[in-house]
Amino acid sequence: RYELDDPQFGKDWYGPDELVKYGLKFIDESIVEKRPFFYYMPHSSVHFPLQAPAEDIARYRGKYKVDWQKLREARHKKQIDMGLVDAKWPLTELPPDVPDWNTLSDEDKDRLDNIMAIYAGMIDHLDHSIGNLVAGLKERGVLDNTVIFLMSDNGGNAESGPRGRLEGDDPGGPKSTVWLGQCWATLANTPFWRYKHFTHEGGIATPLIVHWPNGITKDREGKLEPQPGHLVDLMPTICEITGAKYPEEFHNHKIQPEEGTSLVPALAGKPLDRKQPIYFAHEGNRAIRDGKWKLVMKYKGPWELYDMEADRTERHNLIAEKPDIVKDLTAKWNAWAKRADVDAWIGPARTDWGEEIGKGNDSKRLKPKTASP
């Protein structure tokens, strides 16, 4: 991800920059051969360990010595102003393990600011690297007819607990170990709750940005599209755009039909007419989204039911009020799990930040500062 010296990449290389550099080399080869190209650019940013060039971190150092609840409230207001979330969806409460910022010691505040500055610097550099890719496509005259999908694979990561991790002589450098932790992941997931690993909205709700000048009309530029999608929708979308056909067999073996729905109608603001629900499963956590209804379960807990149009932040569990819907969605999830060979997870239950219950979790909680004598 980030090393000072490497026999292949040389000195002072950084992963996001290499992905762009080698991606543009691949695109150049495709242009020379007059062939279409498909480039998957799996940035490691912002997966742990959090690492970024020192100058990127320095720009943010000291800017996060701020009450995280006030930051959440400000972000929530901005999200409403931008039209990203509906004002009727309330901001979730701080989880029990995330303390009031004002109860922390100055030492803890400085440490947490350092973690968040590294995270912010990493996102800043990622943003510039994607900008460099776009600039490279434009220089080559292929930007307008290139479809760009920019997305994340999960919500904020709370692993390592409320304290996060900040280890190494040069935090954020190539030999350090830095994890964001639950407190800042709660900010990152505004206005939702829970995190990566879980199937509540804080774990699975991520943006998808699509850029395609030759295929998206001017009146749709910059527009928000509220219809939900899923990673499985990318295959049928790309097949429709390119005219490719999803195969039915490989080496005389039948291939399981694709699960997704093409997102091409949504690019034009039209209904997707999705034929089946969207399903989720991860280490025993599970969910199904069918129209406005979402049935969700934290592993070893009960099913919960939410109306996503009225209650996207999952505050009002309707499980007892809609038994017929619960029965229908449960049956659909079970049928999908069987059809899709979903792992029958029998692993451990986990804390709300994703770690095994009882594995020294108390040491990862933040303790309020002690009162002066």
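**Close-up 1. The salt bridge of aspartate 352 and arginine 194 in the predicted model.** Aspartate 352 has a relative accessibility of 28% and therefore counts as partly exposed, whereas arginine 194, at 11%, counts as buried (buried is under 20% relative accessible area, exposed over 50% and partly exposed in between, with a 1.4 Å probe and protein chains only). The two residues form a salt bridge whose closest N and O atoms are 3.3 Å apart, a salt bridge being a side-chain nitrogen of Lys or Arg within 4 Å of a carboxyl oxygen of Asp or Glu. Because aspartate 352 lies in the segment after helix 9 (323-339) and arginine 194 in the loop between helix 5 (182-188) and helix 6 (201-204), the pair ties together parts that are 158 residues apart in sequence. Helices (H or I, at least four residues) and strands (E, at least two) are DSSP runs, numbered from the N terminus. In this predicted model, local features need pLDDT of at least 70 and side-chain atom pairs count only at pLDDT 80 or more, while totals for chains, interfaces and linings use all residues. Residues are numbered from 1 along each chain as its sequence is written, and side-chain values use heavy atoms, with hydrogens and water left out.

**Close-up 2. A network of salt bridges that links Arg61, Lys65, Asp110 and Asp113.** Within it, lysine 65 forms a salt bridge with aspartate 110, with the closest N and O atoms 2.9 Å apart. This pair links distant parts of the chain, 45 residues apart, with lysine 65 in the loop between helix 2 (54-58) and helix 3 (68-82) and aspartate 110 in helix 4 (residues 106-139). Lysine 65 counts as partly exposed at 43% relative accessibility, as does aspartate 110 at 30%.

Close-up 3. Lysine 332 is partly exposed at 29% relative accessibility, and aspartate 328 is partly exposed with a relative accessible area of 37%.

**Close-up 4. The hairpin of strand 11 and strand 12.** Strand 11 (residues 293-297) runs antiparallel to strand 12 and is joined to it by five bridges, where pairing requires that DSSP finds at least two bridges between the strands. Tryptophan 293 stands opposite aspartate 307 in strand 12, and lysine 300 takes a positive phi near 70° in this hairpin, which has five residues between the strands. Trp303, Leu305 and Asp307 point one way from strand 12 and Glu304 and Tyr306 the other way. Five of the five residues of strand 12 (residues 303-307) are buried, so this strand is largely enclosed by the rest of the structure.
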